[in-house]
Amino acid sequence: MPLPKLIVILGPTACGKSGLGVTLAKKYGGEIVSADSRQIYRGLDLGTGKITPQEMEGIPHHLLDVADPGEPFSVALFQSMAYKAIDGVIERGSLPLLVGGTGLYLRSVAEGYVFHEAPPDPQLRRELEALPTEALRRRLTARGVELDTDCYNNRPRLVRLLEKSLHGEDPHAEAERDPRYDVLTLGVSYPRETVCQRIDQRLLARLDAGMIEEVANLRKNGVSDEFLEGLGLEYRYILHHLTGELPTEEALIEELGRAIKRFAKRQVSWFKKDKNVHWLDMEHDPVSEAAALIASFLP
């Protein structure tokens with residue numbers, strides 16, 4: 001039996017993944033499954049660039065707002081929920097599109113990672129959680145563990161990867177795969193200079209829309225500073241602004257803008273390793289280019 005079809009849309013931040021996903025879903029009768037490790041959380045909207053109901057244009061979106069801030073959420077759990085959502089889209093006779101920028105989430109579904117999760121070791125975890133973030137990175141790198149863009153500043157993820165590695169596991173569980181879908185992967189990106197300009201424009205727009213207030217309200221409603229720090233980027237730097245480490249909004253914009261650009265660069269490097277990605281020319285006619293690829297892919 002042929003595997004069911006799945007279209008993946010990936011790429012670095014601020015490059016138009018969500019908009020392209022909606023356009024293609026409207027064109028082909030599709031539904032979108034989000035693959036973003038921060039957009040799963042309720043209340044994390046402006047800081048994650050979560051698509052708004054107006055921007056969805058009536059297209060069903062899945063795996064947004066499925067967890068409370070601070071709630072543990074693993075790659076394996078995401079994969080299980082994504083499989084359920086994608087299979088539901090297929091059963092309804094629609095085309096599933098997996099859209100996002102979290103590389104490990106995307107690959108776990110597209111390539112069908114088989115996870116063998118070891119039970120947590122509380123004593124070891126306490127010891128690892130006491131280590132600085134850079135020390136966690138160094139120990140993982142020394143053990144040959146490749147750090148993708150999504151876990152580089154994610155302390156809970158770094159701790160779990162090291163915990164698994166010390167127990168003799170392959171931390172990314174990539175040794176065994178059982179693909180469930182026939183996948184067409186479309187990549188979106190712009191020249192580096194354009195990406196940087198788009199990041200700057202989007203950052204200012206989000207700040208004007210109330211991104212600082214969003215983080216302040218999360219703290220007011222009981223979301224821990226440790227959790228916000230672990231989210232990285234917007235939430236980390238706005239937290240530093242609110243606690244006085246970045247005393248002015250100008251300093252926040254400068255430091256956060258640089259951090260997002262570094263993150264985007266790491267994302268590009270990560271995604272470019274996948275030779276199965278069809279990179280679209282986002283400066284010309286990406287929809288027509290995608291449509292030609294999809295026409296050859298769909299029955």
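This is a predicted model: local features need pLDDT of at least 70, side-chain atom pairs count only at pLDDT 80 or more; totals for chains, interfaces and linings use all residues.

1. Residues are numbered from 1 along each chain as its sequence is written, and side-chain values use heavy atoms, with hydrogens and water left out.

2. Strand β4 (95-99) has five of its five residues buried, so it is largely enclosed by the rest of the structure. Here buried means under 20% relative accessible area, with exposed over 50% and partly exposed in between (1.4 Å probe, protein chains only); helices (H or I, at least four residues) and strands (E, at least two) are DSSP runs, numbered from the N terminus. In a regular strand the side chains alternate between the two faces of the sheet. In β4, Leu95, Leu97 and Val99 point one way and Pro96 and Leu98 the other way, and all are buried.

3. Two strands pair if DSSP finds at least two bridges between them. β1 and β4 pair in the parallel sense over three bridges, with Val8 standing opposite Leu98 in β4. Strand β2 (residues 30-34) runs parallel to β4 and is joined to it by five bridges, and the bridge partner of Ser34 in β4 is Val99.

4. Helix α4 (residues 103-110) is mostly covered, with seven of its eight residues buried. Its buried residues are covered by elements including β1 (5-10), α3 (75-91), β4 (95-99) and α12 (249-272). Gly112, which follows α4, has a positive phi, near 70°.

5. For helix α12, the 24 residues should span 34 Å at 1.5 Å a residue, and the end C-alpha atoms are 34 Å apart, which agrees; the expected span is 1.5 Å times one less than the number of residues. The buried residues of α12 include Leu252, Phe263 and Trp270, and its buried residues pack against β1, α4, α8 (192-209), α9 (211-220), α11 (233-242) and β6 (277-281).

6. A nonpolar core is a set of buried Ala, Val, Leu, Ile, Met, Phe, Trp, Tyr and Cys residues joined through side-chain atoms within 4.5 Å. Of the 79 residues in the largest nonpolar core, Ile7, Phe78, Leu97, Leu98 and Val109 touch the most other members. α12 gives the most to this core, with eight residues. A second, separate core of 11 residues includes Leu128, Val145, Leu158 and Val159.

Conventions. Contact means heavy atoms within 4.5 Å.
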